[in-house]
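Morning, everyone. Please bring up the sequence and the model, and we'll get going.

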Amino acid sequence: MCKAGPVISEPHDRIPETDQRPQIVHIVGARPNFVKAAPVVRGLAELGVRQVLVHTGQHYDPALSEVFFTDLGLPQPTLFLGVGSGAHAQQTAALMLGIDQAVTALKPELLVLYGDINSTLAAALVAAKRGLPIAHVEAGLRSFDRSMPEEINRKVVDALADIALVTSPEGIAHLGAEGVAAHKIHFVGNPMIDSLLTVRELGDLPALQARLSLPDRYAVATLHRPSNVDSPEAARSAVAALAGVSAEIPVVLPLHPRGRASLNAAGLADLGDVRVVEPLGYVEFAALLDGAALVVTDSGGIQEETTILGVPCLTLRPNTERPITITEGTNRLVTPETLGDAVRTALAADRYTGEGPPLWDGRAGQRIAKVLHRWLEEKAPT
Ligand code: UD1
């Protein structure tokens, strides 16, 4: 899918005049980026900051991209780079070439980057080599597992960032231990939760349940991590684990394209009790999560969303970069072998009613906007 070179393409080719150049360019590329960027873009718009989005095209399926712009009210990207998928080196190289061209065209004062995906890594490398300052939203998360591509991305981006915007308190200590200067670190809360709280009431759960033939009590599963879906053995083990969950409670699985082929080859399609559906938009997915009795996932963001929704979450991974979701009591790490017992325990337990981690309060986007606005005023007068 990776194109031979970067493409700065229609239909959103609206490069501003020099005197109207953006102060901030947000680089976004994949589903979780859009959810984190929306509240930041809104907060900056309220402060009158000139800003545009560049979409790298790492995620290009409408179900992973377009629907998120609509659901979150995100402005259309000024540039769409159309980079697509590929092996890590190939995708990262294509992303770097495309982002370099975009930055040359747009000449911002600051790049704002989100999370830990390959688009984030590529943008950080390009910006650092050009001497262009970077702000990183979701700085300081660590799984301490270097076999995850996202962990490498996080460490490199945080080492290069000028402004580290931390979503969870332990991130402050992680950055300090890696030598990031205290003045660069800002604890701002979690903008993904701003988006969740914005859309929480918007979805029509009964209509969704009718469409997906879901009973009142159901579990939601999502699986897409390379460690769970890339190899035939891992996929077989994941499918067996899902079969175990569906013996306890009906399961709906909105399936990321990444896992489709391997999970189907491992027998997913034959599991009668698991409803496999296309990926959902953000409003519908939030409603589905909110109504669930239980969630089984390997996603990062869903561990956080279930904490705020008070839905028990079982994370099919050996570690997490989001340990606060475990200490809050909503999340538990499981293996395919321990999943069955964990499902029964979670379904029998009382629901979490805590207030959630500090500053996961729906106002992180505004805090981030304030930090960036102040930085623009102090460091880079236009
Ligand atoms: C990426 C992020 C991951 C994040 C996830 C959210 C990296 C290293 N990983 O993983 O952190 O949790 O996004 O979804 O950046 N594909 C499609 N259509 C699309 C996009 C992808 O079919 O629109 C398929 C392709 O077969 C592709 C595979 O998914 O090869 C992987 O896509 P990629 O962008 O490499 O990473 P994700 O697995 O989506």
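Let's start with K107. Its relative accessibility is 47%, so K107 counts as partly exposed (buried is under 20% relative accessible area, exposed over 50%, partly exposed in between, with a 1.4 Å probe and protein chains only). K107 sits in the loop between α3 (88–106) and β4 (110–114). Helices here are DSSP runs of H or I with at least four residues, strands are E runs of at least two, and both are numbered from the N terminus.

A quick word on the source: this is a predicted model, where local features need pLDDT of at least 70, side-chain atom pairs count only at pLDDT 80 or more, and totals for chains, interfaces and linings use all residues. Residues are numbered from 1 along each chain as its sequence is written, and side-chain values use heavy atoms, with hydrogens and water left out.

Back to the backbone. Most residues other than glycine have a negative phi. K107 is not a glycine, yet its phi is positive, about 45°.

Next, E138. Its phi is also positive, about 85°, and E138 is not a glycine. Where is E138 placed? In strand β5, residues 134–139. Buried or exposed? E138 is buried, with 3% relative accessible area.

Last, a helix pair. The axes of α12 (282–290) and α13 (301–309) come within 10 Å and cross at roughly 55°. Axes are lines fitted to C-alpha atoms, for helices over the stretch in contact, and angles run from 0 to 180 degrees between N-to-C directions. From α12, the contact (heavy atoms within 4.5 Å) uses Y282, F285, A286, L289 and D290. From α13 come I302, E305, T306 and L309.
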